[in-house]
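Thanks for coming. I will go through one model this morning, starting with a helix and ending with the core.

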Amino acid sequence: MAIHQILRRSLSAGKRSNSKGTDVPKGHFAVYVGEEEKRRFVIPVSFLNEPSFQELLCQAEEEFGFNHPMGGLTIPCSEDQFIDLTSSLSRR
């Protein structure tokens with residue numbers, strides 16, 4: 001399944017079960033990250049074009065399918081890993 005289809009399904013499921021979507025600026029989306037306790041991050045949609053971020057989305061699909069426990073897209077990695085990745089993507 002294409003990354004865009006994965007994200008579209010995850011985001012539409014999140015909108016039905018969570019009304020926090022209004023605080024996400026245009027051109028961004030929210031994800032939940034963490035191994036134990038989940039923390040919410042708002043990141044640019046441009047990250048979807050990055051192979052390293054696409055790998056995280058594939059891991060999320062393998063672990064959660066389309067049933068994300070937080071009501072939005074959940075990324076199964078540590079916060080430190082996610083921050084390192086998004087920091088390097090932001091510098092490009």
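At 1.5 Å a residue, the twelve residues of helix 3 should span 16 Å, and its end C-alpha atoms are 16 Å apart, which agrees. The expected span is 1.5 Å times one less than the number of residues. Helices here are DSSP runs of H or I with at least four residues, strands are runs of E with at least two, and both are numbered from the N terminus.

Before going on: this is a predicted model, so local features need pLDDT of at least 70 and side-chain atom pairs count only at pLDDT 80 or more, while totals for chains, interfaces and linings use all residues. Residues are numbered from 1 along each chain as its sequence is written, and side-chain values use heavy atoms, with hydrogens and water left out.

Back to helix 3. Which of its residues are buried? They are Phe82, Leu85, Thr86 and Leu89. Buried means under 20% relative accessible area, exposed over 50%, and partly exposed in between, with a 1.4 Å probe and protein chains only. Seen down the helix axis, these buried residues fall within an arc of 90°, so they line one face of helix 3. That arc is taken from the directions from the helix axis to the C-beta atoms. The face turned away from the buried side carries the exposed residues Asp80 and Asp84. Strand 1, strand 2, helix 2 and strand 3 are among what covers the buried residues.

Strand 1 and strand 2 pair in the antiparallel sense over six bridges. Within strand 2, isoleucine 43 is the bridge partner of phenylalanine 29.

Last, the core. A nonpolar core is a set of buried Ala, Val, Leu, Ile, Met, Phe, Trp, Tyr and Cys residues joined through side-chain atoms within 4.5 Å. The largest one has 16 residues, of which Val31, Ile43, Phe53, Ile75 and Phe82 touch the most other members. Strand 1 (28–33), strand 2 (39–44), helix 2 (51–64), strand 3 (73–75) and helix 3 (79–90) each give two or more residues to this core. Leaving aside neighbours within four places in sequence, valine 31 is in contact with residues including Ile43, Ile75 and Phe82, where contact means heavy atoms within 4.5 Å.

Notes: Pairing = 2+ DSSP bridges.
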